[in-house]
Amino acid sequence: MIIGKYNINPVCIYLTDTAYWMARTERAKKYFASEFVEDILWIKGIHAENAGLKSAKPYLIDAPDGSYFIPQKTTGVNISIMMAYAAMESHPEVEYWMMLEDDCRFVTGWQSRLKQALKDVPNDFDYLFGGSCCCADKPTEHVKGEVFEVKYPFCGHMTIMSKNGLLETMKRHLDLSSPGDIEKTISVFPFLKVYTILPRIAEQELTDGTGINNQLPI
Amino acid sequence: MKISKYDIKPLLLYLPDEQAWIDRWNACKVHLEEQGITDYYSVAGIHGEKFGVTGTHYFELDNPGGKHMIGQKYTASFLSQYVMYSVANAMDYTHYLFIEDDTRFTEGWREKLQTCLDLIPEDFDFLFVGSCCTEGKLKIDVGSGLYKYPQTKGYPARYPMGGNCYIISKKCLNHVIATQRDAYAPADINLAMHSFSEMEVYAILPRLVEQLGNEKLPA
């Protein structure tokens, strides 16, 4: 999809392992089509519970006593993202990716705001968060318009990533014992050019599919 | 890589996480170049210990109630194969040659593979180039060392084992991804138990590759 001067390829992880996930995937497909987000590279992820997978390393970032392991669901998300990265890397012709989670729901006017943000963000950006959370208490510098340099946002339901951002992330994001968004703030983002659109242009669907999650922190 | 009428993309699985694995990858690249395989694409697999991932389901097919788990290495190997399926499915080739980094081609492999690919029906899904544990399993002789395995279900699986080198068609990848959902078993048993019964599966015997350091693998 062409937005401003950028040719951006959407990619989305999905699951069909349970009725819940099948319904969620169907909703996502219809929703993205309704927003004219087309030619998505769909990657079937790993449902950790059904696959029988768990984290084997304790999560130490804010539980240094080693007593806490991330839940199976988070391990599944982490592995699924690795699958997506590998598939994305096999398309070296793609310069920019729009990474979507299947619960991403855009706000009204998101396309024109994204178009403007892509004019305002420095040309050499690696990550541009369209969907983010937990920015309010993070060091923030205004760049231009709605683009900010926040160190660093959480969440990842809608992110534009450059090819360099992808390759550097694959090189550095090798420990799956933490939630991916937290791990990247430590092992990936300090080495990359990361920007955020605020207010965010994408929200997340409620887990039961009945509406938007209005409780996501800014 | 053009062989017979097929344009086959070689995919080389490697691990980038430790020097020993990188050395193994580099040695395989040298070997592939020596064999005239130059258009391979390297795919980074999952290192179970580094990534911190392990299995939770028992593998009890051979010992019901035994509560055996395949362990982190084989769980990661299953996931690495899944990475290969995902990458291949995202690429735009009709066939892929999956190669693990310990694969070593034997003398005359290219001519033998060419002969078998000339013979194999175009709708084939999976061709074991390397394999083991084929003895005593029902197979149909197609000729020139090419064998077809009838579609069967159940354990023990009546297909070849091993997954260090094989050709897979793109047309079967959605099916493979849809049926490889449980990491309880090593990748080769998993394919035989859950995917092959709806696929056209063949093997070249004797195998055309060996595994470095494991050359006495049963035929």
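This briefing walks through some contacts inside and between two protein chains.

The model is predicted: local features need pLDDT of at least 70, side-chain atom pairs count only at pLDDT 80 or more, and totals for chains, interfaces and linings use all residues. Residues are numbered from 1 along each chain as its sequence is written, chains are lettered from A and ligands numbered from 1 in the order in which they are written, and side-chain values use heavy atoms, with hydrogens and water left out.

**Where chains A and B meet**

- Contact (heavy atoms within 4.5 Å) joins 29 residues of chain A to 27 residues of chain B.
- The two chains bury about 2,200 Å² between them, with 62% coming from carbon and sulfur atoms; buried area is the accessible area (1.4 Å probe) that two parts lose on being put together, summed over both.
- On the chain A side, Lys44(A), Met83(A) and Leu174(A) lose the most area to chain B, together 22% of what that side buries.
- There is one salt bridge between chain A and chain B, a salt bridge being a side-chain nitrogen of Lys or Arg within 4 Å of a carboxyl oxygen of Asp or Glu.
- Arg181(B) forms a salt bridge with Asp17(A), and their closest N and O atoms are 2.9 Å apart.
- Strand S3 (41–44), helix H2 (48–51), strand S4 (53–55) and H3 of chain A each supply at least two residues of the side that touches chain B; helices (H or I, at least four residues) and strands (E, at least two) are DSSP runs, numbered from the N terminus.
- H3(A) gives the most to that side of chain A, with seven residues.

**Aromatic pairs**

- Over all chains, the whole structure holds 28 aromatic pairs; rings of Phe, Tyr and Trp (its six-membered ring) pair if their centres lie within 6.5 Å, and planes under 30 degrees apart count as stacked, over 60 as edge-to-face and the rest as tilted.
- Tyr6(A) and Phe125(A) make an edge-to-face pair, 5.8 Å centre to centre with 70° between the planes.
- Tyr6(A) lies in strand S2 (residues 6–14) of chain A and Phe125(A) in the loop between helix H4 (110–120) and S7 of chain A, so this pair ties together parts that are 119 residues apart in sequence.
- Tyr6(A) counts as buried at 4% relative accessibility; buried means under 20% relative accessible area, exposed over 50%, and partly exposed in between (1.4 Å probe, protein chains only).
- In chain B, Tyr82(B) and Tyr85(B) form an edge-to-face pair, 6.4 Å centre to centre with 65° between the planes.
- These two tyrosines are three residues apart in helix H3 (residues 71–90) of chain B, so about one helical turn separates Tyr82(B) and Tyr85(B).
- Ring pairs link Tyr82(B) and Tyr85(B) into a cluster whose members include Phe98(B), Phe126(B) and Tyr159(B).

**A buried threonine in chain B**

- Thr103(B) belongs to strand S6 (residues 103–105) of chain B and is buried, with a relative accessible area of 0%.
- The side chain of Thr103(B) reaches the backbone oxygen of Glu100(B) at 2.9 Å and that of Asn164(B) at 2.8 Å.
- Beyond its neighbours within four places in sequence, Thr103(B) is in contact with several residues, among them Cys28(B), His31(B) and Val209(B).

**Helix H5 of chain A**

- Helix H5 (residues 163–172) of chain A has Gly165(A), Leu166(A), Glu168(A), Thr169(A) and Met170(A) buried.
- The buried residues of H5(A) pack against several elements of chain A, including helix H3 (72–89) and strand S10 (154–162).

Notes:
A polar contact is a pair of N or O atoms within 3.5 Å; within protein, one must be able to donate a hydrogen and the other to accept it, and residues adjacent in sequence count only if both atoms are side-chain atoms.
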